[in-house]
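Trainee: I've got a model up on screen and would like to go through one part of it slowly with you. Could you take me along it and show me what it touches?

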Amino acid sequence: MQRKNSFLKRNHRSAMAMIMAIAVIVIMATIMALALSLSSQTTKQSTTLYLYEQSALLAKGATEYALLKIAQDGPCTHTNDLNFQQDGIYDINITLRYVYLAPSPCTAEQTYATVTTDEQNGSVLMDIYISVDENVTGEPIRYFRRTMQKL
C-alpha cells in the first residue's frame with residue numbers, strides 16, 4: 001500500500017501562508033511607526049513655527065508699548081525697566097537708548113549717541129528680546145528686534 005504525501009504538502013502550504021502573514025504584519029508595523037514619527041515631527045515643527053511667529057508679533061507690540069510708556073512718562077525715564085512676561089511663556093526684555101543733541105537731558109548710561117542736527121534730535125534706539133520658555137518647546141526660541149523711533 002502506498003502512502004499519499006498530501007499531509008506534508010498541506011503543512012508546507014500553511015507554513016508559507018503563516019510566513020507571508022508575519023512578513024506583511026512586520027511591513028505594516030514599520031510603515032505605521034514611520035507615519036507616527038513623521039506626524040510627531042510635523043506637530044513639533046508647527047508648534048515651534050507658531051511660537052516664533054507669536055514672538056515676532058509680540059516684538060512689534062512691545063515696540064508700541066515702549067513708545068506709549070515714553071509718551072506717558074517722558075523721555076529718559078525708562079532704560080531697562082520695561083521687562084515683563086506674557087502668558088507665562090514669553091519673556092520680553094526692552095532696552096532703550098536715547099539720541100539727543102550735545103547737552104543731552106539723559107544720563108551717560110541712557111544715551112546712545114549725541115547728534116548735531118535738529119532732525120536727528122529726540123530719537124530712541126530700542127532693542128527688544130523675546131525668548132520662549134524651554135519647558136514649552138524643549139528647544140530655545142529667541143527673537144530679537146532693533147528699531148529706531150522718533151520721539
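Predicted model: local features only at pLDDT ≥ 70, side-chain atom pairs only at ≥ 80, totals over all residues.

In which helix does methionine 28 lie?

Mentor: Methionine 28 sits in helix H1, which covers residues 6–73. Residues are numbered from 1 along each chain as its sequence is written, and side-chain values use heavy atoms, with hydrogens and water left out.

Now the overall layout. The protein chain has 2 helices and 5 strands (DSSP runs numbered from the N terminus: H or I with at least four residues for helices, E with at least two for strands). Read from the N terminus, the order is α-β-β-β-β-α-β. Buried residues are 27% of the 151 in the chain (buried is under 20% relative accessible area, exposed is over 50%, partly exposed is in between, with a 1.4 Å probe and protein chains only).

Back to methionine 28, then. With a relative accessible area of 46%, methionine 28 is partly exposed. Along with Val24, Ile27 and Ile31, Met28 makes a nonpolar surface patch of about 380 Å². Patch members have over 30% relative accessible area and no salt bridge; nonpolar side chains (Val, Leu, Ile, Met, Phe, Trp, Tyr) are joined within 5 Å, like charges within 9 Å. The areas come from the Shrake-Rupley method with a 1.4 Å probe, and for residues only the protein chains shown count as cover.

Move along to lysine 44, whose side chain meets that of glutamate 139 in a salt bridge, 3.9 Å from N to O (that is, a side-chain nitrogen of Lys or Arg within 4 Å of a carboxyl oxygen of Asp or Glu). Lysine 44 is in helix H1 and glutamate 139 is in the loop between helix H2 (134–137) and strand E5 (141–150), so the pair ties together parts 95 residues apart in sequence. Both ends are partly exposed: glutamate 139 at 31% relative accessibility, lysine 44 at 45%.

By this rule there are 2 salt bridges in total. In the other, arginine 146 pairs with aspartate 127, the closest N and O atoms being 2.5 Å apart. Arginine 146 belongs to strand E5 and aspartate 127 to strand E4 (residues 123–132), so this pair links parts that are 19 residues apart in sequence. Aspartate 127 is buried, at 10% relative accessible area.

What does helix H1 put inside? Look at the largest nonpolar core, which has 23 residues; Ile94, Leu96, Tyr98, Val124 and Ile130 touch the most other members. (A nonpolar core is a set of buried Ala, Val, Leu, Ile, Met, Phe, Trp, Tyr and Cys residues joined through side-chain atoms within 4.5 Å.) H1, strand E2 (90–101), E4 and E5 each bring at least two residues to this core, and H1 has the largest share, with 8 residues.

Threonine 63 is found in helix H1 and is buried at 2% relative accessibility. Setting aside residues up to four places away in sequence, its contacts (heavy atoms within 4.5 Å) are Met126, Ile128, Arg145, Thr147 and Gln149.

Pick up threonine 147 from that list. Threonine 147 lies in strand E5 and is buried, at 10% relative accessible area. Beyond its neighbours within four places in sequence, threonine 147 is in contact with Thr63, Val124, Leu125 and Met126. The side chain of threonine 147 also makes a polar contact with the side chain of glutamine 149, at 2.9 Å (a pair of N or O atoms within 3.5 Å; within protein, one must be able to donate a hydrogen and the other to accept it, and residues adjacent in sequence count only if both atoms are side-chain atoms).

Last stop is valine 124, in strand E4 and buried at 0% relative accessibility. Not counting residues up to four places away in sequence, valine 124 touches Leu67, Ile70, Leu96, Arg97, Tyr98, Thr147, Met148, Gln149 and Leu151. Valine 124 and arginine 97 are 27 residues apart in sequence, with C-alpha atoms 5.6 Å apart.
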